[in-house]
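Me: Could you take me through this structure? I would like to begin with the overall picture and then turn to individual parts.

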Amino acid sequence: MTFQKFFFDRPIKTKIIGAILIVLLGVCVFNLVFFPAQQRKLALEGMETKGESMARMLAYNLSPALDFDDRQSIQELAKGAFQDKDLSVIRILRYQYDDTLFFESQKPAHRAHKLTPVPADTAAGAFMDEDQLHIICPIQAGQRTLGVLMLSFCLDPVEREIAQRRRLIFGLNLLIMVLGIVIADRLSRLLTKPIHKLTGAALKLSQGEWGVQVPVTHSDEIGILASTFNQMSENLKESKEELEKYARNLEDQVKARTLELEIQTERAVQSDQLKSQFLANTSHELRTPLNSIIGFLGLILDGYCNDDKEQKEFIQNAHASAKHLLSLINDVLDIAKIEAGKMELELEEVDLKALFEEVNSLARVQAQQKKLKMSFVCEDEFVPPVYADSNKLKQVMLNLIGNAIKFTDKGSITIRTTVQKDRGNALIQVEDTGMGVPPEMQDKVFEKFSQVDSSFTRKHGGAGLGLTITKDLVEMMGGKIKLESPGEGKGSRVSFTVPVFQKTEKESIQEKEKPLVIKGDKEAPLVLIVEDDPVYARYLEKILQEEGLSTIWAPTADDALYAAQNYHPEIMTLDYSLPQKGGGILKNGKDVIRELQKDKKTSDIETIIITGQDEDQVKKELSFEIITRMPEVLEKPIDAQTLMEKIHSFFDREEGKTLNILVADDDPLVRKFVAKVLEPDRYVIHEAIDGQQALDFISKNPDKVDLLLLDLMMPEKSGIDVIKELKLRGKAPYLPIIIITSYLETYKEQDRELLSRKTVLEVLTKDELNKNPEILRTKIAQFRRRKKEVMV
């Protein structure tokens, strides 16, 4: 029989007492052997250190006396040294005349000790014999060695103290053994008593006594086991009752299940109805004018006209309905073309005043029918031509004016234009005194099939596509559009921009400049200029090349994406309102940023948006995108100094400039590891012990955190919660984050997806970090974008 089988077959009480006694016995033996030996070792080391110090000091003081053969001074020094209670013998061997013993003195209390002879080699150091420790030290005068000093220390006090300590330890061990036996007996009783009760209750349960319970007196593991047993017993009882009840009410169960299936079917039907809403809305709008056409023409063909005047009225009604139908079909086709990237623009020089006159002649009749005053106001004496598609710009104007007339019952319609010379735009505004738009709907009016008030707009017709098409056309021509309204019943104003045309400069520069060609110092950092206006692009090129940078020009959004992926620029200046070229995939600067952020190879390109739009509006639009960091935004016009200050701010992350890093991890060893890996002269490390403390620190010190190193598993708030607070809830949406974790595979799919949507720079495991600490410095260096020195 093996010991394991013998031990584990014993009762629990026996095993508990036996295990505790074995542990206590081991501890007692260890105490009796280890602690006295350790104490003796420490005492001897202390005595040796003390003796060496005393010997050096005494040898130094004896040197003059020995050199002049002054025995009286030697006697006085020896007498002073014997003040040490452990010193027993002082001997001096002089080299000056012979190698014989020059001086010897023994403390009277230690005369019983045997005198150990001075070693023949008289080497400096320490050695021991049976009951003494001997220290040998040379006596020197300058470079001459006059003799050797030997001090002998008695070890009897050390041995007596160790023996006394051993007796004390033995007594304590004996007391511990007795207390251990008593405690083990009491503990075994406390443990086995509830186990016996559990065993009895389990036996009753196995015999069919449902619902049997055992008392729960403690909240330890046995208490939890008892509670679990009680719960299991109760569940078995309830399950038995449930089965009996289910058997008695099976028909009711089937009826309830049938009702549930009917509800699910109804929900599925509702879902299909929602999917068909677009088709129903569009088909209704198309059939309304089509039925009018068929009806009026049918009346004419069937001879219901009383005279030529009524026949002409019917034909005019049919013609108006046909025009309305054509407008709806054109809207649907325009949306399809725009979304498929098939909408092509003919960008050219457009005279705004001539366009306004044409729009006025087309829209004035509608305004007069509703007795609305319509006026065109030019706030500048000279209105330069714009660079746009004439037909599409006219379509935009007619859509906006038509909407204003449709939703205004009384008052006026004002079309106002202002030239923004410093931004290179013409600002066109359409103001009305109509129904207005509630604040909560103002961001939705440009969405497809979105209407402010469906009951009101049904009265006027329309599929809800006009403003969507208008927005797309404006952005394709390189402009931006927005709606402003104080609220319902207070009118509204729609403003959009169109680039100003600069004929002579654009044509001459367009002939000289070729896109996607690197210019300047090929070894210098590369800046990608994304700008559809070649004149402004040349202006930016001149500024950057004079500062020692190389440049490459991309006139369209698609060219910008190609250049970023193939030329890998350090920095990109981006015109936010890029016109879309025929067949192009990307529409504007926002599309460029989104595509670059998706690709790891281009996501770290520093971006400066240069726009003629409002800076806050641009940032607001970008805030809805999940991006690693917010690009810098500069409003036109900009000068060389302003641009280069932004450029240099990116290159300021060179060696020598410190970076503020917040390390959020509940493990102090990880925080210490990171602080050790990162050089203190280049990084300022802040620490947070959990997610909530990290959020609080970022909230109170937004300028003191350049980078967040974040653990995922932390108390209070996890790393996932921190990311959601910072990125999705907008507390610090552009703060760069590097994840350092051990258990990525344990997270839910949606949490892992959150980590892969460019909300973080990198995900590192603690295992790979331990194997290669250099990887952390490498990833941070990539973030810092430490590039070649820029000429200042």
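This is a predicted model: local features need pLDDT of at least 70, side-chain atom pairs count only at pLDDT 80 or more; totals for chains, interfaces and linings use all residues.

Me: Let us turn to packing. How do α20 and α21 cross?
Reply: Helix α20 covers residues 691-700 and helix α21 covers residues 719-728; their axes cross at roughly 25° and come within 9 Å. Angles under 35 degrees count as roughly parallel, so α20 is roughly parallel to α21.

Me: Is that crossing left-handed or right-handed?
Reply: The crossing of α20 and α21 is right-handed.

Me: Which residues meet there?
Reply: From α20, G691, L695 and I698 take part, and they meet V722, E725 and L726 of α21. By class, this contact between α20 and α21 comprises four nonpolar residues, one polar and one charged.

Me: A change of topic: what is the span of α14?
Reply: Helix α14 runs over residues 534-546, which is 13 residues. From the first C-alpha to the last, α14 reaches 18 Å, close to the 18 Å expected at 1.5 Å a residue.

Me: Which of the α14 residues are buried?
Reply: The buried residues of α14 are P534, V535, Y536, A537, L540, E541, I543 and L544.

Me: And what follows α14?
Reply: G548 follows α14, and the phi of G548 is positive, near 90°.

Me: Now Q39. Where does Q39 lie?
Reply: Q39 is in helix α2, which spans residues 12-67.

Me: Why does Q39 count as buried?
Reply: Q39 counts as buried because its relative accessible area is 16%, and the cut-off for buried is under 20%. Beyond its neighbours within four places in sequence, Q39 is in contact with E161, I162 and R165.

Me: Last one: where is D711 found, and is D711 buried or exposed?
Reply: D711 sits in the loop between β20 (707-710) and α21. D711 counts as buried, with 5% relative accessibility.

Me: What does D711 touch?
Reply: Not counting residues up to four places away in sequence, D711 touches A664, D665, D666, G719, I740, T741 and K766.

How values were computed
Residues are numbered from 1 along each chain as its sequence is written. Side-chain values use heavy atoms; hydrogens and water are left out. Axes are lines fitted to C-alpha atoms, for helices over the stretch in contact, and angles run from 0 to 180 degrees between N-to-C directions. Helices (H or I, at least four residues) and strands (E, at least two) are DSSP runs, numbered from the N terminus. Angles under 35 degrees count as roughly parallel, over 145 as roughly antiparallel, 65 to 115 as roughly perpendicular and the rest as oblique. A crossing is left-handed if the near helix is turned anticlockwise from the far one by less than a right angle, and right-handed if clockwise. Contact means heavy atoms within 4.5 Å. Ala, Val, Leu, Ile, Met, Phe, Trp, Tyr, Cys and Pro count as nonpolar, Asp, Glu, Lys and Arg as charged, and the others, Gly among them, as polar. Buried means under 20% relative accessible area, exposed over 50%, partly exposed in between (1.4 Å probe, protein chains only). The expected span of a helix is 1.5 Å times one less than its number of residues.
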